[in-house]
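Hi everyone, thanks for coming. I'd like to walk you through a structure today, so please have a look at it while I talk.

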Amino acid sequence: MNTQAPPSKLIAGATGDWEVVIGLEIHAQVTSKSKLFSGASTEFGGAPNSHVSLVDAAMPGMLPVINAECVAQAIRTGLGLKAQINLRSVFDRKNYFYPDLPQGYQISQYKDPIVGEGVVLVDLSPTEQISVGVERLHLEQDAGKSLHDLGANDSHVDLNRSGVALMEIVSRPDMRSGEEARAYVTKLRTILRYLGTCDGNMEQGSLRADVNVSVRRLGESLGTRCEIKNVNSIRFIGQAIDVEARRQIGILEDGGKIAQETRLYDPAKGETRSMRSKEEAHDYRYFPDPDLLPLEFEQAYVDELASHLPELPDEKKARFVAQYGLSPYDAGVLVLERASADYFEEAAKGRDAKLVANWVINELFGRLNKEGRNIETSPVSAVQIGGIVDLIASNVISGKLAKDLFEIVWTEGGDPAQIVETRGMRQVTDSTAIEKAVDEIIAANPDKVAQALAKPTMLGWFVGQVMKGTGGKANPQAVNEILKSKLGI
Amino acid sequence: MTDLTRLTLAEARDKLAAREISAVELNQCFVDAIARATSLNAFIVETPEKALAQARASDEKIAKGEARPLEGIPLGIKDLYATEGVQTTAASHILEGFIPPYESAVTANLWRDGATMLGKLNLDEFAMGSSNETSYFGPVVSPWRRKAADGRISDAKIVPGGSSGGSAAAVAARLCLGATATDTGGSIRQPAAFTGTVGIKPTYGRCSRWGVVAFASSLDQAGPIAKTVRDAAILLRSMAGHDPRDTTSVDVPVPDYEQAVDASIRGKVIGIPREYRLDGLSEEIVALWEQGIAWLREAGAEIRDISLPHTRHALPAYYIVAPAEASSNLARYDGVRYGLRRTGKDIADLYEKTRAEGFGKEVRRRIMIGTYVLSAGYYDAYYLRAQKIRTLIKRDFDLAYASGVDAILTPATPSPAFALGEKGSADPVEMYLNDVFTVTVNMAGLPGLVVPGGLSADGLPLGLQLIGRPFEEETLFSLGQALERAAPAILLPESWWH
């Protein structure tokens, strides 16, 4: 895909508008108990070098054996990306020297990856969706970790990560802004989490991005790109792109040329810095790993995995729209996390789904966001929010009181219906009680009555007074009707 | 008392079973012989205590009637096999002092079957060489010496071949009843031919490579060197087998190879490839080959001329594929985790100093060649083309076998053993040419057996090679036995090395 960005996505330079073109390489750690080619644990956070087998340490004569679960996870991911699954793929060696790379080569897939072309649909706003092409997905080993701060002169190496399985997911250069790139990574992470093939935890390094950025004048062919390595948060991805695009535009507008190179993003300084130029780039001397036979499996195996895939976000969203009558955007918000979607469905069971969706999205998500919590640790359960919605639907409480009730449930917990009873929050629908209150207000305010007769919008003032007099418990609709008939408007 | 080191492995096994000798007695004889043979430099590490402790355990097993197939049989282990708790060096300075915490699959199989370990055998560094002169621990000297026409024996030191020079020399000098070896381009068969011993490189995938220091992974294969065809068959049965830790090892049953030794070869079709009649091949090698053909024909085999048209490309292609894989396989020896380390001002300096000092000249040369042929811009011209040649070589053999050929007979080497320092010092290709008859077999992943056929004009052994169909080692043992029976007895040299 090589579409042009709409004008709103363009960056205005001193000499005119520029389009930024972005492609992403995502490294997603495969969720598996053991490493790609050894039985060592993949658990995060162990003592340094506590999850290292003889294979991971590249002892003489040790050989890799492919972990079937990692292969299944890559296939599942490919299916989730609506991608071509290659029944035959090849592991290659990518040769370079580094202390955290014990073999002196990384086992990766070069010419023949396990997964070919796919696509990710990304919602940007209630009205805008883009489609980002996936070029390929391949399996490879992670490296270990160099530790430079343990001694004054020495560096140390922790091989716990060495050999852990990664999926490298390479996108087409289909994104035109930092915002689009952020939305793509978010969506990709959602899909991976649904599939259970990567936990998407960026703080622990389970998901990392290499960002390719170039700029061009509208209609021109692709500019020279720079690759920003190892960006480890979605926010930084957006920042790094904006900063890098500005840098490139500045150079080009000054008559300079972009040097193809690898750069690093420094979030503290808000700048990208050169890491190595094209000339310094490694010659990785890829060749098929002679220790491993080509990876081959049958279509039936792929079909079997496909038959057990969970419902994916796009399908779930479509179902929410069809089944619950939600707007596509609301449905999209709800399916962003599988747990949120499950929460919503539990709460919506047998209820007005749109009302439930409003409460989940506006009240619950708003509050969770504000407090930096997620749905798994929500103090308000789906049963509780369902209970609140029930009380609104049956006119037991007003929408305004419901917000107070939500607050009580959030902070104190408890059964919403019971709270309403014990705290006398039940809405007053009894017309004699309301009539009494209305009569009192009318009697006490003859001037306002006169005004209201002249100007019917004054009715609101009377409604407010009645609500105040009943402690907010009067049914606002009933108040309105009684007021109108008493005042004769 | 008879000298027990003169027994074949099969004879020793039978005497142990009959309780004519004890395992301790047998092992002690070899321990003593090794101690007297240090001038041959066949062993890098001797493990007499280990052998004797294992022998004592074997005697107990025998006493209880629980003898295993190799109970009490003393073996030498090529120092390319990782042995738990015993230094494993690949004859390289870079691994000097390295003691693995694990045991190779093949040696574990041997110990499982009751064999004992006399020590670790010398070899060319990382198995790269054809004369055992590239070892960091010095060259191995062959027990064989040249004999002039007048019967005078020359003092010139002769190479045992390589890379399994220590294995071949130790068997020929009666320092063990058999030895493990490995073969990437001829490293079992050429030393066997040079020392009048029997060596088999089995089909690729027949023995596990797990725990064997890798040279060229797609070509490396473990196998035995022994005094007789029968002994080699007995050893291979224990060494072979599927291993899930090596995904290139193949899950096919291991037959009782020893039974095949006595099988008739009547009606077997033997292919004689015309492309192996190299220009300038010496008269005595041609004569040996003709003699081998005659022996097999007399034993009832049918001889048929065949063509393996891509043979001449095998050696150049081999010297691309093998160094390419080696350059990557040897990257792990970087001074960071084990083995030699020379500190430097930064990590690149540490790598350079460690590897420059840790690797010998031939290993460095092959790493350079391998790195070059895999480099961007050269990969297609060298590595990819070499792989295509490899496919064509394999197809040559496939077609020959499809036409009904059971095995192929060729000379093992283009010449008898040479003297130390005689070859390759000026031009490494001169040394590489030793592998001309053996590399095709590795390139095609086939089994190859070498048996002694006779002696050269100056009294050194010459070998014949039999190449078989994949996983049909049994046919090779039957044919090898026929040659062994027909050929004049090659008497192993009497000790001059005490």
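Let me start with a term: when I say that two strands pair, I mean that DSSP finds at least two bridges between them. And please keep in mind that this is a predicted model.

With that in hand, go to strand 12 of chain A, residues 226-231. In which sense does strand 12 of chain A pair with strand 13 of chain A, parallel or antiparallel? The pairing with strand 13, residues 261-266, is parallel, and it rests on three bridges.

Another sheet in chain A is an open one of three strands, in the order 5-4-15, with antiparallel pairing. Strand 5 (105-108) and strand 15 (287-288) of chain A are at the edges with a single partner strand each, so each has one side without a neighbour in the sheet. Strand 4 of chain A, residues 92-95, pairs with strand 15 of chain A over two bridges. One to look for is Arg93(A), whose bridge partner in strand 15 of chain A is Phe287(A).

Let's zoom out to the whole of chain A. We have 15 helices and 16 strands in this chain. The C-alpha trace spans about 95 × 55 × 55 Å along its principal axes. Its radius of gyration is 30 Å, whereas a compact globule of 489 residues would come in near 23 Å. As for burial, 42% of the 489 residues of chain A count as buried. Of the contacts in chain A with a separation of 6 or more, 68% are between residues 24 or more positions apart.

Now some helices. Helix 2 of chain A covers residues 178-195, and its 18 residues reach 26 Å from first C-alpha to last, close to the 26 Å expected at 1.5 Å a residue. How many of its residues are buried? It is 15 of the 18, so to speak a mostly covered helix. Just after helix 2 of chain A comes Gly196(A), with a positive phi of about 75 degrees.

In helix 6 of chain A, residues 328-335, find Ala331(A). Why does Ala331(A) count as buried? Because it has 24 C-beta neighbours inside 10 Å, and the cut-off for buried is 20 or more. Beyond its neighbours within four places in sequence, Ala331(A) is in contact with Lys317(A), Phe320(A), Val321(A) and Leu326(A).

How do the two chains meet? On the chain A side, 24 residues are in contact with 34 residues of chain B. Those chain A residues divide into 16 nonpolar, four polar and four charged.

Last stop, helix 12 of chain B, residues 361-373. Its buried residues are Val363(B), Arg366(B), Ile367(B), Gly370(B) and Val373(B). They cover an arc of only 135 degrees around the axis, which means they are on the same side of helix 12 of chain B. What do the buried residues of this helix pack against? They pack against helix 10 (314-329) and helix 13 (380-402) of chain B. On the face turned away from that buried side are the exposed residues Lys361(B) and Met368(B).

Technical notes:
Residues are numbered from 1 along each chain as its sequence is written. Chains are lettered from A and ligands numbered from 1 in the order in which they are written. This is a predicted model: local features need pLDDT of at least 70, side-chain atom pairs count only at pLDDT 80 or more; totals for chains, interfaces and linings use all residues. Helices (H or I, at least four residues) and strands (E, at least two) are DSSP runs, numbered from the N terminus. The expected span of a helix is 1.5 Å times one less than its number of residues. A residue is buried if 20 or more other C-beta atoms lie within 10 Å of its own, exposed if 12 or fewer, and partly exposed in between; C-beta atoms are placed from the backbone. The arc is that of the directions from the helix axis to the C-beta atoms. Two residues are in contact if their C-beta atoms, placed from the backbone, lie within 7 Å. The radius of gyration is taken over C-alpha atoms; the globule rule is 2.2 Å times the number of residues to the power 0.38. Ala, Val, Leu, Ile, Met, Phe, Trp, Tyr, Cys and Pro count as nonpolar, Asp, Glu, Lys and Arg as charged, and the others, Gly among them, as polar.
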